Amino acid sequence: MNTVAEPVLADAALCEMLCEFGLDVEYVRAEGNTLYRRAEDGREVAVTDFACGFGSLIFGHNNPEILARAKEILDARVPVHTQLARHSHTNDLAVALNKIIRREFGTDEDYHALFGNTGAEAVEIVIKHAEFSRRQRISESLHGIEAGIDSARSAVRDRGAVIAADAYDLARVSAGDRVPGPAGYEALVAAVRRHNEERAGRPPLFLTLEGAFHGKLVSSIQLTHNEMFRTPFKALSAQARFVPADRPDVLAKVVEDERDSLLQIVVAGREIQIVERDFPVFGAFFVEPIRGEAGIRPLTAEFAREIEKVCDALGCPLVCDEIQSGMGRSGAFFAASHIGLRGDYIVLAKSLGGGIAKTGIVLVRKSRYRHEVELIHSSTFGKDAFSSLIARKVIEMLEAGGGRAYRLAEERGARLRAALEAVRADFPDVVKDVRGRGLMLGLEFHDQSDSASAVIRAQSLNGVIGFGIAGYLLNEHGIRTFSTASAMYTLRFEPSVHVTDDEIAALEAALRGTCEVLRRQDERGFAAA
Ligand code: F0G
């Protein structure tokens, strides 16, 4: 028997942090909303899971129907990886998703599908696709501008057209170059090209909301608001402007501040003039219909309309990131359908993998779709048959019985929400808010940074109170959940549609216990046992 301890070569720092809060638990089995940890005497101890794979388990852990389908796929020796071949499994999936889009958004426009492996990867695909399309728009504009330069040159040379006084100003031609005739015109052309080339070389700017979370890869991290995750990598990728939700005035100001234009030379009668053409500054506007990491905050229908207005005015594509809110969690397949917000792009991942596969899908509205991207973007594992067939099974289960799962999400969500509201009603001094929709709910505590408990105060000031509370819920009450990544006082609850009344009652009791500790300003606070 080997008695020498193995070195910790995976997650050493993370485990040290988890250990501090009593969260360094290994789970050995999982079913539905229950995880099992092993006690010292070898017995399995049940933990009720409200984090549920960070919202990726709409049908729970190891759902028997999904496992049966997985076994069937494996037993049938389905070829899992057949890159550069025809895949009916990906098309079936795209067709099934399109049927739901039609129903929930009342549209008959098709959406094309692109495939990745994770949520962040799918977001990166959107960023690439949107930039490809923005580049094409810029090229087309520059092409038109060049054609105009040639015809204006003939007007100067052959018809004696003169350059309007303000044309030089608009193109910032230096005083010495403002000479009559062809020489002055060439100086104007050089200045216009300089201006346009400088604009064309700029990276896109993305719009998203404060508190947004769109992933942690090189580009998607720049759309994720949390500075700790984002700022070290700023130099690597295009940037985003983060707009506060429900502030159309700020949104309008951001758009105005960033507005830019290309210069175009035109002939008007016998005059050479400069006109400004809108430059596509923005790559896309990313929104989560329910902002998860911001503290489970549903987008209002009013602000959704403002976002649509801005996107329409700019010709900027709208991206609905439904990675967490989609797949039925809100009570409909797409959370955006509750507020009538139809994205030009829709991004899915998490629950689409049924808790056992990893997949990410981007759906792109036909009128925005660039087929070329299929030939220049690829991934070895994206589109694999196993993940696609499991995703197809998840959709089949969601749609079964005329959408029984959506009704369950709504009904179970209402039951869970009522429990959270009951806690708030009894602890208004401790609980600030209950938010969310369906089975994507959050409970926010009041700021605890002036608590009389030194432990609670320190955990609050250090930004780790969420871990303190999570450790307490786990070790005292056998409940697993966490605070959201960018709103530490908000606990997230994202169980499967099969969450039971008993599980909800256990959560309610645990939350009451948490509120007691916070109310008492208990000196020990949430220090790990
Ligand atoms: N978009 C949203 C809305 C997300 O919630 C997440 C992940 C991602 C994108 C990235 O997906 O992890 O598959 O690369 N949210 C995790 C969470 C981190 O805590 O819910 P990924």
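Me: What makes up the figure of about 2,300 Å² for domain 1 and domain 2?
Reply: Buried area is the accessible area (1.4 Å probe) that two parts lose on being put together, summed over both. By that count domain 1 and domain 2 bury about 2,300 Å² between them, and 54% of it is on carbon and sulfur atoms. In domain 1, Tyr406, Arg437 and Met440 lose the most area to domain 2, together 32% of what that side buries. The size of an interface is often given as the accessible area lost when the parts come together.

Me: What kind of model do these values come from, and how are its residues numbered?
Reply: The model is predicted, so local features need pLDDT of at least 70 and side-chain atom pairs count only at pLDDT 80 or more, while totals for chains, interfaces and linings use all residues. Residues are numbered from 1 along each chain as its sequence is written, and side-chain values use heavy atoms, with hydrogens and water left out.

Me: Which polar links are counted between domain 1 and domain 2?
Reply: There are 17 residue pairs in polar contact, both residues at pLDDT 80 or more. A polar contact is a pair of N or O atoms within 3.5 Å; within protein, one must be able to donate a hydrogen and the other to accept it, and residues adjacent in sequence count only if both atoms are side-chain atoms. The count of salt bridges between domain 1 and domain 2 is 2.

Me: Why is the pair Arg297 and Glu444 called a salt bridge?
Reply: The rule asks for a side-chain nitrogen of Lys or Arg within 4 Å of a carboxyl oxygen of Asp or Glu. In Arg297 and Glu444 the closest N and O atoms are 4.0 Å apart, so the pair meets the rule. Arg297 lies in strand S12 (residues 297-298) and Glu444 in strand S17, so the pair ties together parts that are 147 residues apart in sequence.

Me: Why is Arg435 called buried?
Reply: Arg435 has a relative accessible area of 9%, so it counts as buried. The residue is in strand S16.

Me: What does the side chain of Arg435 reach?
Reply: It reaches the backbone oxygen of Gly295 at 2.8 Å, and the backbone oxygen of Ile296 lies 3.3 Å from one of its polar atoms. Beyond its neighbours within four places in sequence, the contacts of Arg435 include Arg297, Arg417, Met440 and Glu444. Arg435 is also linked in a network of salt bridges with Arg297, Arg417, Glu421, Arg424, Lys432, Asp433 and Glu444.

Me: What makes Glu399 and Arg103 a salt bridge?
Reply: Their side chains meet at 2.7 Å, N to O. The pair links distant parts of the chain, with Glu399 in helix H12 and Arg103 in helix H4 (residues 88-105), 296 residues apart. Glu399 is partly exposed at 25% relative accessibility, and Arg103 is partly exposed at 47%.

Me: Where do Glu508 and Arg512 lie?
Reply: Both are in helix H15 (residues 501-520), 4 residues apart, about one turn of the helix. Glu508, at 18% relative accessibility, counts as buried, whereas Arg512, at 24%, is partly exposed.

Key. Helices (H or I, at least four residues) and strands (E, at least two) are DSSP runs, numbered from the N terminus. Buried means under 20% relative accessible area, exposed over 50%, partly exposed in between (1.4 Å probe, protein chains only). Contact means heavy atoms within 4.5 Å.
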